[in-house]
Structure formats: structure tokens, C-alpha cells
Amino acid sequence: MVLPWWLSKHDANQLIQFYHKIKNLQHSMQTKMKLCNSLVLFAALCSTSHAFTIPTKPNLSARSAVDISLASATTSASNYLSSIPLGPPDAILGIAADFRECTSPDKVNVCVGAYRDENGKPWVLPSVKEAESLMMKDPSQNKEYAPITGDLAFVDLALKFAYGSEIFENSSERIAGVQALSGTGACRVGGAFLSKFLGEGTKIYVPDPTWGNHIGIFNSVGLDVQKYRYFSRSTNGLDFEGMKEDLINAPAGSVVLLHACAHNPTGCDPCHEQWKELSTLIKEKDLHVFFDSAYQGFASGDAEADAFALRYFVNEGHNVLLAQSFAKNFGLYGERCGTLSFLCGNSDEKAAVMSQLKLIIRAMYSSPPIHGASIVKTVLSDDDLSKQYYEECAFMADRIGSMRKLLVQKLAEKGSTHDWSHITDQIGMFAFTGMSKEMCDELTEKYFIFLTKDGRISLAGLNEGNVEYVAGAVHAVTDGKSLTQ
Ligand code: LMR
């Protein structure tokens, strides 16, 4: 009998004890079933196996073995839904939902990585608004289905934005690119492709820590998710030696997922020299490179500079995969707009890859939404709007950077004696503070500050009006306690 991974050791032991108690009762099976106070217990009673195991590796997206055995034990057309267990809330979006429900006037949302203006409000970029007004006036706009691979004029402009004009002009005949449902959709389709053609169970190495959804996405397409060391909790900085050691030990033919810039959640990127070392190492080890680029423009404020790692790897001859998102840098969160691309060896390979991507996409969601792609296309195909857009992106990155500094300054003013310099050393949207889960819980329960439990703060949620309050609360929960674990 396989128990769900989400049970704590204590709960699992309690459950096993209770199971034996009920099993040994001299009651009918029907009465025993009625005594079950949990679905898991009920499933255990239905099971023929009396040995219990708890899988160690959480698989957040796939249904756990007990869920499946439970469903099959009780399935009938009329009642199977009653036996579906409650899934755990999402580690990021679940907290965003709690924030929405909180009624405290003091509440602060530093949970989801979404830009907020200086008044804490979502910001629609003026260049995006301008593009939308141009689209409204364009008589050729309609609401037809996009092709399966999306609007290819948008895809070309998007890929040029990521790879740069030079690589794009020289290699477009071998870049297989499709429109994707933002970065998540790109990772999902890319993962499905890798699982199909490299084989189910192929290892994909993701940084530890990484964006939580990477693990769910790649698990659910049948890849074997492994972690490489990335961040040292004892220095609150990049663990470059650990990273290299783990990648050296990865079997040839595995996939390595790299955050193209502004690593989520740590805000720590390798420097240029370290990227170069990684490129050599990864080539020697014959690993497939999958870049996830969700923050181009948010690391330095300059979308060109932020593409360094991707462009360097391509110039060094890596046939990369790229998941590209326009959620953050264009503020198009809800439009689900992005691309997935494969750098192929030649145009024949490109044609084959495109044909297979079409099969995957058609069966998954048929074709992508058109509005967001149309916005990005309108902006990037107009010189003036593009220029305006680049300035607006830099403005967002700049405001976040100033909140980084202000938070550290306010912490010192509140009397914090911790060294918070890692916050100003980090880049992008997040501060990976070093706070423990208990400290995060206290911030939420006592101060209504909503953040993820790994100590990540989305700096975009800070502004002149709340940074002092947040600094005071952070000082209160960290004072006298260690920030390194
Ligand atoms: C985040 O990390 O907060 C964002 O990428 C939002 C998400 O989808 O998790």
C-alpha cells in the first residue's frame, strides 16, 4: 500500500496505527469503512497489501499511487468523484489566493512574481496600450483561429528579441519556433517533446532551488527530474562549485535546465566567466541545454544584456531549446504569450521538429491565443514603439532595483544587525532573503505579509508606502536568529 507523499511521518504513523485498530475490529467491512476518518485510511482498507510505504519524491502534478488505487477501488460512474482526494495548494499561486482572501488593511503581497507600480497596482505598459489601440483600428484584425504553431510573424520577432538579430539572421532557417502559452506552456510542450524523442525517464537537471512549477511540469511529461546544486544556504549566494560538480556527474544525454537570467527564486546568476565555464563543461558532458527565459530585461534593465548566456551558448555551438515568456517583461501575465524554440542542425531537422511540435500542440490545446502575440508583434515591429517598450522595461527593472536598496536601508534603520547585502547583490524580481519557513509563517500570520515559504520576496510588491512596514516586520521575525541554514 503506497501512502501519499504529502503525509508527514507523524500523520503516516498515526494512520497506520489507526488502520490496524480498525482492521482488527470484529465488525463487518461496511462498518469498518464507516469508521474511516480519512480517504487514505479508506483506501488502505480496500487494499490487499498491508505493508505501507511513502514515496520520498513528491510528484506535485501526477496523482499519487494511492489516489489511483483509491479511485479504482471505488470507481463507479455514480460515485468516483466522491473519492477524489483534495490536492495540495500551489506553493506560489495558493498563497496569492490567500492574499486575495485576507481582509487586513495592512496586507502586503510579495508572493507572486508580478510587477506592481509605485502604488502597488498592476501596470499595463503604455507601449502595450498603444499597440492595443493600433490593433483596434486595424481592419485586418479578426478572431480567427491561429495556426497550430501560432502567429509565425510574432514568433520571428520574439526569437529575434531573444537570440538577437545576428544569430537570428544567420540561423533562422534552422530555428524551429512555435508560439507557446507563456513560459509554462513552452516548458510543457518542450518537455513533452523531449520525453517523446529522448525517451520517458530521461533525466532533466533543474537548479536547487528552482521555480516550483518546473518540477511539476517535467514530472508530468515523464521526465526524471533531478536537481543540481545552485544556491548555498550558508553563504546566501551561488554554489558554483556544487553546480559544476553535479553537472559533471550527470549522465551524457541528460537535459540541463538553465534560467537564462534573473534566476527564480534566488536572484543569483552566474557571471559571464562562469557561464563560459558552464558552456564548456556542458559541451564536454554532452548534455542537452534547455534555457528558460522568463525575465529578459528584468535582470539588468537591458533586454539585450540579459540575453548574454543564451547567445553565448548558441555561438559556442549548443543546439539549445528555449522557453520564452512575455509575462513579466511585457507585463502580459494573463495573455499567456511566449515561444518555444529548438536550434536544429539544419532546415530538414527544423521541418521535422516543427511537424512533431504540431502534433503535440494540436492534441494538447489545438492552437494558441492571439491577442498577446498580436500585442508583442505590434510593439516589436514598430521602431518607435519598440524604443518606448525598452525604456518601460528598464523603468520596471529600475523601480525594483531601488526597492532592493530601500528594503536593506530600512532594515538597517529598524536596527537589524544582519548582513543583508545578498539582497542588493541579487538581481531580477526577487530577493531570496534566507528567512526560514517559520519566519515566513510568522510574517504572514502576524503581519499579513504574503510570501512564499522559501523566504522569497517579490520586490515588485514593495513601494514607498509599504517598504517600511515590511522592513519592520522582517526585522521583528529575524532579530537574533540565523539567516543562513
Ligand atoms: C512566480 O514565480 O511567482 C511567477 O513565475 C508566477 C508563477 O506562475 O509561479
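I call a residue buried if 20 or more other C-beta atoms lie within 10 Å of its own, exposed if 12 or fewer do, and partly exposed in between, with C-beta atoms placed from the backbone. By that rule I looked up Tyr365, which is partly exposed because 15 other C-beta atoms lie within 10 Å.

I note that this is a predicted model, in which local features need pLDDT of at least 70 and side-chain atom pairs count only at pLDDT 80 or more, while totals for chains, interfaces and linings use all residues. Residues are numbered from 1 along each chain as its sequence is written.

**Whole chain.** I find 19 helices and 13 strands in the protein; helices (H or I, at least four residues) and strands (E, at least two) are DSSP runs, numbered from the N terminus. Of the 485 residues, 42% count as buried. Taking two residues as in contact if their C-beta atoms, placed from the backbone, lie within 7 Å, I see that among contacts with a separation of 6 or more, 76% come from residues 24 or more positions apart.

**Tyr365.** I located Tyr365 in the loop between helix H14 (347–364) and helix H15 (371–380). The C-alpha atoms of Tyr365 and Ile148 are separated by 8.9 Å, although these residues are 217 residues apart along the chain.

**Helix H18 (437–447).** I list Met439, Cys440, Leu443 and Thr444 as buried in H18. Seen down the axis, these buried residues of H18 fall within an arc of 135° (the arc of the directions from the helix axis to the C-beta atoms), so they line one face of the helix. The face of H18 turned away from that buried side carries the exposed residues Lys437, Glu438, Glu445 and Lys446. S12 and H19 are among what covers the buried residues of H18, and just after the helix Phe448 takes a positive phi of about 60°.

**Helix H19 (467–478).** I checked the length of H19: its 12 residues, at 1.5 Å a residue, should span 16 Å, which agrees with end C-alpha atoms 16 Å apart; the expected span is 1.5 Å times one less than the number of residues. In H19 I find Val467, Val470, Ala471, Ala473, Val474 and Thr478 buried. Down the axis of H19 the buried residues fall within an arc of 165°, so they line one face of the helix. They pack against strand S1 (108–109), helix H16 (383–413), helix H18 (437–447) and strand S12 (449–450). Gly480, with a positive phi near 75°, follows H19.
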